[in-house]
Amino acid sequence: MSVPGHLNFYIDPARCIGCQACVQACTECDTHKGISMIHMETVDRAHSTQTIPVVCMHCDSPTCAEVCPADAIKRTPDGVVQSARKPRCIACNNCVLACPFGVPKMKVEFELMMKCDMCYDRSSVGLKPMCASVCPSQALFFGTREEIEAARPQSAPIDRFQFGNQTITTKVKMMGPRSVAGARPEHLDVTAALDPNPPGRSISLGVLNGSH
Amino acid sequence: MSTPPSNLLPILDRFGPHLNRSSPVRLATEAEPDRLVKTHCCFCGQQCGIQLKVKDNVVTGFEPWYDFPFNRGMLCPKGVKRYLQGAHPDRLLTAFKRDTSVPEGFSPMGYQEAITRVASEIGRIQKTYGNSAVGVLSGASLTVEKAYLMGKFARVCLKTPYIDYNGRLCMVSAGAGNKKAFGIDRAANPWSDIPKAELIWISGANVAECAPITTEYVWQARENGARIIVVDPRITPLARTCDLFLPVKPGRDIALFNGVLHLMIEKGWIDRAFIEQFTVGFDKVAEHVASWNPAKTAEITGIPERLIRQAAEWWGTARSSFLMHARGIEHHSHGVQNVLGSINMVLASGRIGREGCGYGTITGQANGQGGREHGQKCDQLPGWRDISNPVDRAHIAKIWGIAEPDMPGPGVDCYEMFRKIDKGEIKGLISLCFNPVVSLPDNNFIARALGKLEFYVAIDFFMNETARHADIVLPGSLQEEDEGVVTQIEGKVIKINKAVDCPGDARQDWRIVQDIAAALDRPTGFTFAEPRAIFDELRTASKGGVADYSGITYEKIERQYGVCWPCYSEDPGGKPIDHAGTPRLFEPGSWNVVAKGAGPFYFPDGKARFNVAPYTPPAEDVDTEYPLMLTTGRVVSQFLSGTQTRRIGPLVDQYPEPRIEMHPQLAERMGIRDGDWVTAESRRGDCTLQAMVVTTIRPDTIFIPYHWPGRKSANQLTISAQDPISKIPEYKVCAARIRKADGPPDWAGHLEPQQG
């Protein structure tokens, strides 16, 4: 069994409402043993309600697997980067430190790294992963390219990300405004976006402060 | 008599709230469920379809129900974790009686003995003080069948006028406004019209946290090119990316609606043909809003004038639109006027009754819609009939098999019932699905009033905070232990299916009520064998009413994934028909039972009503002593008074305790930093909670979520001012002040987050 090639995972952070239905539902996947393998980032709650759901991006050349000294992390031919294999994982934390997206989590109580496996028991038989099933805003979407193109004319997918000198291509796609993503940029420069005070974050504050 | 033990710890120890985290069956992944039961969520008014996994008579988890059209598998965190309310250590498995000899204040008793005691106390009070000395409180999370039965139980069995329900805290302003303007009280459009609109106007609705699935409909509208306008004192998660945010001062919504209508008229952005053909009363409203120029509107609402002009232009010139509102404009001492103001804007635009042109109030509770239609409201009989109308009384009296004069007249709203308890007019109380010491405003008064009752019986599945005041607690049923219908956000009647049996001595609520009737020796009319039999009587009772359910059957609901009322069993000529229901109201040329073909609206002339909606400030405005506005609301992981959700571990973890949201400008002025203990005070009470300092709220406003009891309760501070028409309390604004607390409150470190 493998994830059918025509089904893709898309993330649209602009849609996220921070409800954590994804995080809660992740624990309900039959193979996750009650543990959530994803998380939700609150970007800067003091100034914004913006949140971002973080699932594994399932990289074509997964950094987590590349740095694993025990060869415990496998990428199956359908492009899914699996959770660490218990007999091999030595709980060294290399993957946790190396992943540019901050996805793998060390479960000290099990001496095991656990990460999002796209709910492999579900997605490998064509079912949606739990998070994308329940997501009330569909910031997490699992379906065909045709479906998302038809439903989201204002957005377009990106799957190449630049972190310093490293360019990463991912199976999971990030939706951006069509005006940017639709122009097919070579990649999204993540490092450059790490400015602690990007312009426009406090977009509505002037209104609330009474400055007309 | 009805006073809980002063030391809370033993009662918390015995009855919780404790946290249920996960079931061992669930974690044993090899354990396949015995079956999946297609049903709906037990919480909000969206009523998402869900499949419950059942093993050995326990709900062990869920599986998305992808085929149910409204939510297509989507759920919020409450829906995901709802199964943890079952097989819960706090579940009441027997009846309990007040027992002052034990520290927890209650000891178990046999079910039949409890019923006998309840009947004997009700009988005694009614014999001593009259039938009206007993009151009934019920709720809008009950199925339509139970809601109908409670109304009938009060009027026929107890012969008391005093029944009201917790929808009084929720939907009544919307209901009253809709009746005045449209002659019918229901969201006018299916949610599928939202993505077809090019402008979405959301007033006083934290959609992302209180109706999360509706978010996807709004985002889909945006993908289709729609603009989104949000009116709120806080930048809610949905407001973060809206096209226009209007940061209204709490309690000033009507001024904004009047100001926008003023500009629409001035600029000619109104649909004169629609107004002429389909409405009455426009001229008076136009005259009234003439003084609401942008400068005055800006001054009253606190919204910059240019934003008001922008909003009016977008609303005025849109070709299609969907306006929705919720408690944010309804929880006010002028809640009905707020609703009428928003409807005036819709009617003037002419954009209603067509595809992509819609209006709707977002219902709060599971059966917020159906629970307000069939007679558990104090002034209402089934089918949205009027208990003061002789024709309506005669119709229902006949179905109930009683003489019309024997039917009590209108009662009073639930808050007024507590005033009557306080004055000694109501001596006995039966409650089901209502937790007023957490949910009613100025709740220290509610707790004091409960202490004056001679006898109080609470029916619930957990020992909720109000039940702690009871003399007898009867073990009721969870939603998944019974069947019946509820009516969701779109006016669509859907079917709740039974997944498991009640544990221990717990009983389905309708059986408990019938057992009390039997023990009172007044069983006539209360011998139903199953919910379907209650539904059949309700269908007959609602026939010919505005909320006509006569054409709805359990089978039709299943076949169609729900049926929108009105659903007629006969055509206008009296010939039986198979009617599919009415997904969209007010379509041109449509027939209804009131207009009888004269027009699409539910008045004899078929026309909608414009209503002059005058602005009045909140009942308690700010002053130098209490200079801040306090507004209250919900968080996504909790529901209402928390009886269920404060017992579900993962939901409590997500947002453990209430915090006071405030703007950094205010915090700085008061020397408060994020996380500091802060005391908020009003003229009625105070509470000490941690500060949450965020720029996403108006600097003149503080926000506290209301799901917690005791000293953590926001409703210690809120005001019991009510709308004169709907009687909804003014939860959304009162005067308050804050100061940095001297230290943590007494409960810090002693009580768990969910307790109080």
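Two strands are taken to pair if DSSP finds at least two bridges between them. The views below are drawn from a predicted model.

**View 1. The antiparallel sheet of chain B.** β1(B) and strand β2 (residues 49-55) of chain B meet this criterion with six bridges, in the antiparallel sense. Within this pair, B:R35 lies opposite B:V54 of β2(B). The open sheet comprises three strands in the order β1-β2-β3 (chain B), with antiparallel pairing. Its edges are formed by β1 (35-40) and β3 (58-64) of chain B, each of which pairs on one side only. From one strand to the next, the twist averages 35°.

**View 2. The contact of chain B with chain A.** Here 40 residues of chain B are in contact with 37 residues of chain A. On the chain B side, the elements giving two or more residues are β3, α3 (77-81), α8 (214-223) and α23 (649-654) of chain B. The largest share, four residues, belongs to α8(B). This side of chain B consists of 23 nonpolar, ten polar and seven charged residues.

**View 3. Domains 3 and 4 of chain B.** The domain assignment places domain 3 of chain B at residues 172-361 and domain 4 at residues 628-740. Their C-alpha centres are 26 Å apart. Each domain gives 23 residues to the contact between them. On the domain 3 side, two or more residues come from each of α6 (172-182), α7 (207-210), α14 (327-330) and α15 (335-349) of chain B. Nine nonpolar, nine polar and five charged residues make up the side of domain 3 that touches domain 4 of chain B.

Methods: Residues are numbered from 1 along each chain as its sequence is written. Chains are lettered from A and ligands numbered from 1 in the order in which they are written. This is a predicted model: local features need pLDDT of at least 70, side-chain atom pairs count only at pLDDT 80 or more; totals for chains, interfaces and linings use all residues. Axes are lines fitted to C-alpha atoms, for helices over the stretch in contact, and angles run from 0 to 180 degrees between N-to-C directions. Two residues are in contact if their C-beta atoms, placed from the backbone, lie within 7 Å. Ala, Val, Leu, Ile, Met, Phe, Trp, Tyr, Cys and Pro count as nonpolar, Asp, Glu, Lys and Arg as charged, and the others, Gly among them, as polar. Domain bounds come from an automatic or database domain assignment.
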